[in-house]
Amino acid sequence: MMEMLEYELLKLIALSMMPAFEARAAIAYAVIFMNMNNIPLFIILTAISAITGIIVYYFIELFEKWIRKDRSFLKKTLRKIYEKYIDHLRDKTRKYVEKYGFLGLTVFIMIPLPGSGVWTGALVANIFNIKPRDTVLAIIIGAYMSSTISWFLSNLGVLIFSYFPIL
């Protein structure tokens, strides 16, 4: 029994570190499928997600240097895909982040929908040259707000579906 719980916790931690899923998906999964609804788990999963986003932010420049370093077919292909994605992000977020800066970045990270979150927020901060201090703060605030929204909606869904048992 204890081994299964450890496995499930490791799964939640891994999920909270993955792009597109992050803590918001890990928390929803824990609430809906595992009946794990406690504050320490919420705090830990969100902290792991935020720390992952901060690490991504600081390693983006190293990744960009590495990808531009040589002319191998793999790196050329990877660079084209990466640059196309960056152009898409720049177009998608310009009106919010360029205009509102820190606040726009925080709200972008906070929205618990695919295509936003700490990983994408770290890339957006890099694209628009937002100060590291502001980026770290936006990632932390945005991650906790996103997790809170996800936690609330997950619990609301569980509550609503508890009144309509499936036969």
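Helices here are DSSP runs of H or I with at least four residues, strands are E runs of at least two, and both are numbered from the N terminus. The model is predicted: local features need pLDDT of at least 70, side-chain atom pairs count only at pLDDT 80 or more, and totals for chains, interfaces and linings use all residues. Residue numbers start from 1 along each chain as its sequence is written, and side-chain values use heavy atoms, without hydrogens or water.

**Whole chain.** Show the cartoon. You have 7 helices and 0 strands. The C-alpha atoms fill a box of roughly 55 × 35 × 30 Å along the principal axes.

**Main core.** Select Leu105, Val124 and Ile139. These have the most contacts inside the largest nonpolar core, which has 24 residues. Such a core joins buried (under 20% relative accessible area, 1.4 Å probe, protein chains only) Ala, Val, Leu, Ile, Met, Phe, Trp, Tyr and Cys residues through side-chain atoms within 4.5 Å. Colour α3 (39–69), α4 (73–100), α5 (102–110), α6 (118–127) and α7: each gives two or more residues to this core.

**Leu105.** Zoom in on Leu105. Leaving out residues up to four places away in sequence, Leu105 touches (heavy atoms within 4.5 Å) Val97, Gly121, Val124, Ala125, Ile130, Thr135 and Ala138.

**Tyr163.** Go to the segment after α7 (132–162), where Tyr163 lies. Is Tyr163 buried or exposed? Tyr163 counts as exposed (over 50%) because its relative accessibility is 62%.
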